[in-house]
Amino acid sequence: DVMHEVFDLADMEAKLAKKLGISNVYIVPGDSDFFPWVKKEMGKKGTLLLKNLLKGEKDVIAVTGGTTIASVAEMMETDSEMQDTLFVPARGGLGEQVENQANTICATMARKAMGQYRLLHVPDQLSKEAHDSLIQESSIRQILELIRSANIVIHGIGQAKTMAERRKTPENILNKLQDEQAVAEAFGYYFNHSGDIIHKVRTIGLQLEDLKHIPDVIAVAGGKSKAQAIYAYITNGPSQMLVTDEGAATEMLNNV
Ligand code: G3H
């Protein structure tokens, strides 16, 4: 029955938080690998956490790309307390299709919440030279400063191979990811099981070390297929809150 299910999830949340070594885990029922509405439920939970974490003035929320954070945006509701909240993309282009890009998701989130937003217009696959000259541009520097001042970050976690293929990653990088056993992806970084960085997409915006200075970092990721990726990233990364689903949680507790 329903009450029984609620208690089971609360028990799983506590066990999983302990296993991952973080303070807060939220599990929604179901497995988003099989049912699209489960991703929406994770999205809904993400919006509620964002709301609860607002300081009330000068809140800056940085968001990543991906279908999961897109569902956080989709589930966002108009909120009078968010009219001064500024939404920014966490990082520049990572090679995603428009609907999965951080800029698109950031704008959707702000529009739905009736908040403010700023975008970061940098192309994917930056050369070293282009990167170094872009970060000298004053308009880019201003937005980068805002991004680094974020007090909340909400981000997705992907399976390394899935993400690399979705982003049309060059063959030599795909091989490197495979040879070095990359399992997880977040913020354009690819990690192995121990959390070592195997590869990083060259773009500007939040770098992994910046996250240590951001008070609230929320990861949203689910589906049994992502269990290993979530485990690898969360046990080694700076996120203190995880929204996941029963599919990923069960797999992490029993088989990872
Ligand atoms: O940036 C992408 C995320 O790491 C994972 O994407 O939510 O579509 O699985 P996803």
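The protein chain exposes about 12300 Å². Carbon and sulfur atoms supply 50% of that area. The model is predicted. Its mean pLDDT is 95, and 99% of the residues of the protein chain reach 70 or more. For the complex, the predictor gives an ipTM of 0.97 and a pTM of 0.97. Where pLDDT is low, predicted coordinates should not be read in detail.

Next, the overall build. The protein chain has 10 helices and 11 strands. Its radius of gyration is 18 Å, close to the 18 Å that the globule rule gives for 256 residues, so the chain is as compact as a globular protein of that length. Along the principal axes, the C-alpha atoms fill a box of roughly 60 × 50 × 30 Å.

Now the charges. The protein chain carries 27 positive and 34 negative charges.

Turn to the interior. Of the 256 residues, 52% count as buried.

Helix 3 gives a local view. This helix spans residues 67–75. Its buried residues are T68, I69, S71, V72 and A73. What covers them? The cover includes two helices, helix 2 (36–53) and helix 4 (102–113). Strands contribute as well, including strand 2 (60–63), strand 5 (152–156) and strand 10 (216–220).

Key: Residues numbered from 1 in each chain as written. Predicted model: local features only at pLDDT ≥ 70, side-chain atom pairs only at ≥ 80, totals over all residues. Heavy atoms only, no water. Helix = DSSP H or I, 4+ residues; strand = E, 2+ residues; numbered from the N terminus. Rg over C-alpha atoms; globule rule 2.2 N^0.38 Å. Buried < 20%, exposed > 50% of the residue type's maximum accessible area, 1.4 Å probe, protein only. Areas by Shrake-Rupley, 256 points an atom, 1.4 Å probe, with all protein chains shown as cover. Lys, Arg positive; Asp, Glu negative; His and termini not counted. Charge placed at Lys NZ, Arg CZ, Asp CG, Glu CD. pLDDT = per-residue confidence, 0-100. Contact = heavy atoms within 4.5 Å.
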